[in-house]
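Let's take a walk through this structure together.

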Number of protein chains: 2
Amino acid sequence: MGVLKSFFSPESVAIIGASKTPGKIGHAIVKNIIGSGYSREIYPVNPREKEIEGLKCYPDIAFIEKKVDLAVISVPAAGAVKVAGQCGRAGVKSLVVVSAGFKEVGKEGLALEKELVRICREYGMRLLGPNCVGIMDTHVPINASFSEGFPAAGNIAFISQSGAMLVAILDWSRSTGIGFSKIISLGNKADLTESDFIGDAADDPNTRVILCYIEDIADGKHFLKIAREASVKKPVIILKSGTSQAGAQAASSHTGALAGSNLAYDTAFRQSGIIRASTMADLFDLAVAFSSQPVPGGSRVAVVTNAGGPGIVTTDSIEDTGLTMSRFNKNTIEALRSGLPVESNIYNPVDVLGDAKTDRFSLAMNSVLADENVDSLVVLICPTAVTEAEETARSIVEAHRSRPDKPVFAALMGGESLAGGSAVLSAAGVPSYTFPETAVSVISGMTRYSRLRQKSEALAAEKLSGVDPRVVKEIFGKVKEEGRLVLLGSESSLVAGAYGIPAAPVRLAASPDEAALIAGEMGYPLVLKVASPKILHKTDVGGVKIGIKTAEEVREGFMGIMENVYRHFPRTAIHGIEVQKMMPGGTELIIGMSRDVQFGPLIAFGLGGIYVNLLKDVAFRLADGLTRREVLAMISETKASTLLRGYRGEEPADIEAIIDIILRTAALVTDFPTIAEMDINPVFAYSKGASALDIKITVS
Amino acid sequence: MGVLKSFFSPESVAIIGASKTPGKIGHAIVKNIIGSGYSREIYPVNPREKEIEGLKCYPDIAFIEKKVDLAVISVPAAGAVKVAGQCGRAGVKSLVVVSAGFKEVGKEGLALEKELVRICREYGMRLLGPNCVGIMDTHVPINASFSEGFPAAGNIAFISQSGAMLVAILDWSRSTGIGFSKIISLGNKADLTESDFIGDAADDPNTRVILCYIEDIADGKHFLKIAREASVKKPVIILKSGTSQAGAQAASSHTGALAGSNLAYDTAFRQSGIIRASTMADLFDLAVAFSSQPVPGGSRVAVVTNAGGPGIVTTDSIEDTGLTMSRFNKNTIEALRSGLPVESNIYNPVDVLGDAKTDRFSLAMNSVLADENVDSLVVLICPTAVTEAEETARSIVEAHRSRPDKPVFAALMGGESLAGGSAVLSAAGVPSYTFPETAVSVISGMTRYSRLRQKSEALAAEKLSGVDPRVVKEIFGKVKEEGRLVLLGSESSLVAGAYGIPAAPVRLAASPDEAALIAGEMGYPLVLKVASPKILHKTDVGGVKIGIKTAEEVREGFMGIMENVYRHFPRTAIHGIEVQKMMPGGTELIIGMSRDVQFGPLIAFGLGGIYVNLLKDVAFRLADGLTRREVLAMISETKASTLLRGYRGEEPADIEAIIDIILRTAALVTDFPTIAEMDINPVFAYSKGASALDIKITVS
């Protein structure tokens, strides 16, 4: 647990603002700590009381004789800051500040919160909150919160940025029997954040799955590092809210959090092995499954049912969610054929028929679980005249125990007549649902984790040769000096070239004669383009001439472009005309970058050309820790990859060259945070090599 | 009810194959009919018994003195056929055949089933089944089935192709308190099908919502007609299984049903106003909501919550599902501002804060329900120290009753502490859920219905002038005579032209000289194309020459193409070279048709050109009853529509011309069922008019 040990397993706890009055937060905390069975020192602090709940009450933390590990502070905001100083002087290690009235109420509160953090830093104290519900550990046990009720002990750690959500889930969990290892209410996250608690729970032997509800992430870079490490050890499932436009507005009015873009969160979660839950039900369904079942080794699902229709529904659901129906091997087919009635369906879904008793279910389950082509099993029980709900449920538990490496789920499609079966399964930790689609959705989520975890690998930085940051630095220096935010084509070409990106040569000409001179040096054919960062769609205003083959055409083209552009933009500054080597046509791609507030540069790849925005065939990855393998996965997500593999008999493109450009772009934008946005559109992919044609770089 | 009256409300019922032995189906049916409270005549028939369950037993249906409306047959398949004849002779109106052993067991069973249908037709009897569970009506009441338990009376009609599914749902419904009006087990659908029962339920005053589980549709055309009429009257929600590849396999091994393609089902459902449920939970969540709540007038949702985090989650969910967050009017904002504490969020989602009691919820709910910008309401209750679950639940019921035209849903995010509130809501028919996303998903489904219903309109056939079927008939006659399945370009062009589709003129030339002659008549520039249905990608093998401007180029082109093609396809029959008028370039579209086994021609529209299969930007509609408005909706679903509206400053295309081609294509393929497939790719759209460039027609 490291630094967080004094939060979850303190040797002593002081409650500052402890109260004798039921209904007050300061009273609830004292009662909860005692009630949770916490067996070490508890020190209520309140200058107006002598004793609270049978414990000696101290007027001030300074009066407590022994060292205090954890102080829970529940006094108004301004007082809390003062008290924090006293705690620091008394040598307290950790603070939980439940008091509200900080950042969430505006400017004055923010000032108080900053002061609170300053004090904590001064004395080396760590801080949870302010404006939080508190913290629980069911294994210590301790309930240092003001939330009513202490959950059952279990192996799920739940970290919530919303106190109300946490309280609601605790209340709900008591009626469903879900157990938790730790419960953390993050509050305003002034010091400790989700990252700290995810990292801690990853090393907690009592925790098997980590659950988070968050509205924003405090430090994207730190989060990525922690999440990558944690998700290799155990599943981390996050419900991130504030995804929508309106949702983001609500988030910012709620916690004053600056919500990052939804896409960046999606990308960051996936790249760091986090499972993103889509709904609250999804979050808890997954948590319960991970808490009791092994992670499936693959995506092949077997179904055993006593009714055809529900078997079809399950099959549909399996295919719809990207899982696959297992194809059984010969031994399995043989075992099913010899053990089941002749009318049974012995292929997947196995239909043991409506008159099946437990023996047929058993035979079918054991046969398919023994099959190496089966990664997980869904058993459906529909009520019939002969259904033995409880006995069949027990046989499911036995089948699961005999093959504990494969997850098993049940759908008991009925009500009271199957309730006994549900109880048997629930007691044995086999998840069961009313409808089979829930089971399939859970398996799909678990399989996603198994795939993400397989992908998690040591992030060896890709080594790139032929990179010269000095050239880039020089160009950016000049651009800044001139007060520009957009690089000229000739500058962008040099920047890209300095990082080994095969950019078509571009040079700027101020006059027709200079253009002709450059053309002579470059060689024909050439493209001429107006050089003006203000003009976005150059082709549309006659600002581009292609296929220039002679010096005469260069001079004419120069004049023609100037005339065309002047007609459309009479008052726009023109830097001149760019002379660019004309490259042979290839598959048109886009490689780009936009910078996310939380997670830094996001690299984009997809179909290029003028229809980029229309087709939206673009995949994203964070530049941070981007590997060759991840780039390949990113390319495969797009329709562009179909073209690159050789569409309709065309020659395949040089994918290695494309990967190289993407990695070099990632390196460039990582090395130079001043690059705000970058677009290479198009990149031409050839059967050998590739060319970056039009490179747009914006700096900040 | 019309013809189905004798099923649901018979004056008398005979049970043929009635039994005294508990556990036997023939016993269960007698017991169920008596137990359901059916108060009219019941006649058990069994030659070996004198009396069953206190009722006189008849040796044969002929011995029953009075007329029998409904006979439920439960004897082995071969016997059932014989008994059906006796029923016919005795003047029975309707048969429910629960016996299995028909189509579902193979060839012999199919023969028996055909004979059974023949007998029913002979005597004018209608038939439900065979291989079904039976039929129920809770309002008559009657339970003419062998399923255990009779559901509570309600307003949901449930029609199921799977008997097991039906039994499971009945069992489940008893523990959830969901009531039904009618329950129908379709079985093999030898005579009566889902369409008959949907049509019947649409006119049933006791039914408010129609629910179906189906694996296939018996007669697509009939279904479309019935569904269109029914869905205007009340919501029809269908869970159609067998959607996936593997699912379709399972369906065909299960009921011998021939599953149509999933896309055609999707299209048919949408075009006929049917709501397609995605999961079983979805099916029943929607059913319960429709059964108690009004259909929302629009997509604007208001949220009232006592906690911020869950409010954000709800907001996300609303935006994710295509609904919108209501923007309150001034009066509402003013009412909320003056009635709620200053820290509350008075914009949507309305946060009445964690210390809210019932009065604040009441004020907020009544204010937003009075707002004309609110179409539906979701209320979230999170447990806090002061939450008054039951009283607040009662206030939700009151708010709903004061505005019964707007649907209200609750999410009670907790367990035991809120159970009292759930009970209050459930008793009053206000749907409540644990998590808010379910409420949002239900509102989304209901809103989809409200939108579909608005769209349902009188299907006036679009009148098309300038259509000449005789030309088409002649060409197809010739093609068939020659034993071909694919039309030549010149033939396709004539066929399209005969239906007023602006096809570029194409004529077939057998020699260079004939080509030059045709060229002279057509005028330049021209395109030459090899005429051979075997060669699919003509450009790839040098089979196309464009921009032909002189007679000399025509002759040279002819020879060149012949040489190129011979090199690739030395043994392929070449009909000659097609000379086509070269049309100016425009936005490339595809308009096509594929024929679905169930629903007939499916019209496709989208981005055209060589990347059709890659980009998959195609929308579909059934040709059957296709209206101008529906075509416009279809176009809007595609990215092509963005291009047509004028992308990046280009002139908008002539959408009316495109709509016209689509409607004419629909008319052509409807008039000529011999057309198996048709592709116009590309269609060039211009700012005025459009041209069909390459038309491929396959006949069967």
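**Starting at the axis**

Of the residues of chain B, B:Leu615 comes closest to the rotation axis, with its C-alpha at 4.0 Å. Before we go further, keep in mind that this is a predicted model, where local features need pLDDT of at least 70, side-chain atom pairs count only at pLDDT 80 or more, and totals for chains, interfaces and linings use all residues. Residues are numbered from 1 along each chain as its sequence is written, while chains are lettered from A and ligands numbered from 1 in the order in which they are written.

Where does that axis come from? A rotation of 180° with 0.0 Å of shift along its axis superposes chain B on chain A, with an RMSD of 0.1 Å. The two copies are thus related as by a two-fold rotation axis. (Copies are superposed by least squares on the C-alpha atoms of residues with pLDDT of at least 70 in both.) The same surface serves both copies, as 100% of the contact residues of chain B recur in chain A; two residues are in contact if their C-beta atoms, placed from the backbone, lie within 7 Å.

Now look at where the chains meet. The contact takes 66 residues from chain B and 66 residues from chain A. On the side of chain B that touches chain A, the elements giving two or more residues include α5 (163-176), α8 (245-255), α10 (280-292) and α11 (308-320) of chain B. Helices (H or I, at least four residues) and strands (E, at least two) are DSSP runs, numbered from the N terminus. Which helix gives the most to this side of chain B? That's α11(B), with 10 residues. By class, this side of chain B has 27 nonpolar, 28 polar and 11 charged residues. Here Ala, Val, Leu, Ile, Met, Phe, Trp, Tyr, Cys and Pro count as nonpolar, Asp, Glu, Lys and Arg as charged, and the others, Gly among them, as polar.

**One chain at a time**

Switch to chain A and zoom out. Its C-alpha atoms fill a box of roughly 95 × 80 × 40 Å, taken along the principal axes. The secondary structure of chain A comes to 24 helices and 30 strands. Buried residues make up 56% of its 700 residues; a residue is buried if 20 or more other C-beta atoms lie within 10 Å of its own, exposed if 12 or fewer, and partly exposed in between, with C-beta atoms placed from the backbone.

Hop back to chain B for helix α14 (residues 389-402). It has 14 residues and reaches 20 Å from its first C-alpha to its last, close to the 20 Å expected at 1.5 Å a residue (the expected span is 1.5 Å times one less than the number of residues). Buried in α14(B) are B:Ala389, B:Thr392, B:Ala393, B:Ser395, B:Ile396, B:Ala399 and B:His400. They cover an arc of only 160° around the axis, which puts them on the same side of α14(B); the arc is that of the directions from the helix axis to the C-beta atoms. On the other side, B:Arg401 and B:Ser402 are exposed.

Most residues other than glycine have a negative phi, and most peptide bonds are trans. In chain A, the peptide bond from A:Gly129 to A:Pro130 is cis, with omega near 0°. A:Lys189 has a positive phi of about 55° although it is not a glycine, and A:Lys189 is buried, with 26 other C-beta atoms within 10 Å. Phi of A:Leu353 is also positive, near 75°, but A:Leu353 is partly exposed, with 17 other C-beta atoms within 10 Å.
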